[in-house]
Amino acid sequence: MSNTHTVVIGGGVVGASAAYYLAKQGNDVTLLEQGELASGCSQGNAGQVTPGHLPLPQPGTMWRNLRWLFKSTSPLYIAPRLDLSLIQWLWSFNQACNEPHLRKATRILCELGEASATLFDQLVDDIGLRYQNKGRLEICRSEKTFLAACEEAELLRECGFESRRLAGGEVQQFEPAIQTDVAGAIYYPNSGFCNPQELVKQFATAAEACGAKFKLNTPVTDLRIERGRVAAVVTPQEEMKADAVVLACGSWAPRLAQRLGMRLPVQPGKGYHLDLERPEAAPAMPVVLVEERIFVTPIDDFLRLAGTMEFSGFNLRQRPARIEMLAAGASRYLPGVPQALERSRWCHLRPMTPDGLPIIGRVPQVPNVWIATGHGMLGVTQGPITGKLVAEWIGEGKTSLDLTALRPERFRRAGRNSNESGITDAA
Ligand SMILES: Cc1cc2nc3c(=O)[nH]c(=O)nc-3n(C[C@H](O)[C@H](O)[C@H](O)COP(=O)(O)OP(=O)(O)OC[C@H]3O[C@@H](n4cnc5c(N)ncnc54)[C@H](O)[C@@H]3O)c2cc1C
């Protein structure tokens, strides 16, 4: 076992994955989590593993949605308020809504996704994960949406992701649970799903079996910096010595990053789920209702309806109308939904970056700290590869994928030679 003691802060999918891969390669690891394991965004998300995915900022995203951005029942909602960090974030987001960024970011997301999909297959044997590689169906009601979905599929094909177009009449044959007329659907075979909370717990169990220690209900309140390095992480109980630190605390990451002199533009993007007893006619595979932006996943014996994006600050207040939107939207396609008994309602905060890419890299001014956050809508998908990359970097000093474009300092204030968004070309 190496003498390096690595402290991982955050027990979501990213932190648990990092602890697992670090412990597996012989590192001495302690994970500190302020609440219970998977008590953040990793608990009740849709659990879909989507290796081929486009980033959220796309040409026209802002202006196309401007009409209903401030309407609390729209899928993408911004609660109107004066919040400088949100205004800066939206500005940077808008700057990233262009074709070259879309192509570059899609390529990067696909590269991460593909590497993670390989790990998901391995995790079935290695940690007993119940990962189901059944593919994913994206359903479009209108011709216009279907055409746009076909264009997306084409872009993903260029990045190596195969898909199959289904005409309206074929959709019901393919997935009999869908009981309405639709314009068409795209089937992505290289996708899957799992129970996301179970994924985190299985990472933790496997990490502990390799010697990692998990301390729950232990918030990190500060980082003690000595001679340009973090010497210890501070909790209410103790100061824990650390040779290396992984900041994997999702939407909370900017708070501790500030202690390192680093501004991380991560906004909390609230999403909801509604879990129902599984209706008799439920889809057998993960489904995305594209117009409604609802993710339907048949997890274990229940059906999870998840989605919506709400920028309303750092809080877990539930807006009932947004949960009802999930039920109403899904009922259009799945007639068993209105009668199905409700199991749970949940919301949490996705760590959203303005360029739609995660932040994975070392803090330049404090080089024994690694940041791993900002996975937005793809943290389950990219959790395994993120943990593995961080472990490679800490253990071997190099990574199997190029992380230049994901480095944390890409958001530094624009200088004379970079564009105004602060998103510099990192490729
Ligand atoms: C409705 C919804 C649906 C989604 N569906 C999908 C999907 O289908 N597929 C997909 O890939 N992704 C999906 N996501 C996104 C995914 O859930 C997130 O990207 C992912 O969970 C982020 O993981 P994380 O480990 O970075 O953060 P989190 O899970 O939020 O974990 C961070 C942890 O850090 C802890 N923490 C914070 N500060 C401290 C501190 N100071 N000290 C100690 N601990 C601390 C928190 O308590 C928390 O447990 C969805 C999200 C939502 C909301």
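This is a predicted model: local features need pLDDT of at least 70, side-chain atom pairs count only at pLDDT 80 or more; totals for chains, interfaces and linings use all residues.

A: Strands of a sheet pair through backbone hydrogen bonds, either parallel or antiparallel. Here strand β11 (residues 229–234) is joined to β12 by three bridges, and the two run antiparallel. Within this pairing, V233 has M240 of β12 as its bridge partner.

Q: To which sheet order do β10, β11 and β12 belong?

A: They form an open sheet of three strands in the order β10-β11-β12, with antiparallel pairing. Because β10 (222–226) and β12 (239–241) have a single partner strand each, they stand at the edges, and one side of each lacks a neighbour in the sheet. On average, neighbouring strands of this sheet are turned by 35 degrees against each other, direction ignored.

Q: How does one read the side-chain directions in a strand, and which way do the residues of β5 point?

A: In a regular strand the side chains alternate between the two faces of the sheet. In β5, R136, E138 and C140 point one way, while L137 and I139 point the other way, and all are buried. Since five of the five residues of β5 (residues 136–140) are buried, the strand is largely enclosed by the rest of the structure.

Q: Which strands pair with β5, and in what sense?

A: β5 pairs with β7 in the antiparallel sense over five bridges, and C140 stands opposite G184 in β7.

Q: Is I178 buried or exposed?

A: I178 counts as buried because it has 23 C-beta neighbours inside 10 Å, where 20 or more are required. I178 lies in the loop between α6 (168–174) and β7 (184–188). Leaving aside residues up to four places away in sequence, I178 touches I139, V171, Q172 and Y333.

Q: Which residues of the largest nonpolar core touch the most other members?

A: Of its 116 residues, they are I9, A18, A19, I139 and L247. Helix α1 gives the most to this core, with nine residues. Residues up to four places away in sequence not counted, the contacts of L247 include I9, A253, L256 and W370.

Q: How many residues surround the ligand, and which are the closest?

A: The ligand is surrounded by 44 residues, the closest being G12, G40, G250, G271 and G379. Among the elements giving two or more residues to this shell are α1 (13–24), β14 (267–277) and α10 (379–396). By class, the shell has 19 nonpolar, 23 polar and two charged residues.

Note on methods. Residues are numbered from 1 along each chain as its sequence is written. Two strands pair if DSSP finds at least two bridges between them. Helices (H or I, at least four residues) and strands (E, at least two) are DSSP runs, numbered from the N terminus. Axes are lines fitted to C-alpha atoms, for helices over the stretch in contact, and angles run from 0 to 180 degrees between N-to-C directions. A residue is near a molecule or strand if its C-beta atom, placed from the backbone, lies within 6 Å of it. Ala, Val, Leu, Ile, Met, Phe, Trp, Tyr, Cys and Pro count as nonpolar, Asp, Glu, Lys and Arg as charged, and the others, Gly among them, as polar. A nonpolar core is a set of buried Ala, Val, Leu, Ile, Met, Phe, Trp, Tyr and Cys residues joined through C-beta atoms within 7 Å. A residue is buried if 20 or more other C-beta atoms lie within 10 Å of its own, exposed if 12 or fewer, and partly exposed in between; C-beta atoms are placed from the backbone. Two residues are in contact if their C-beta atoms, placed from the backbone, lie within 7 Å.
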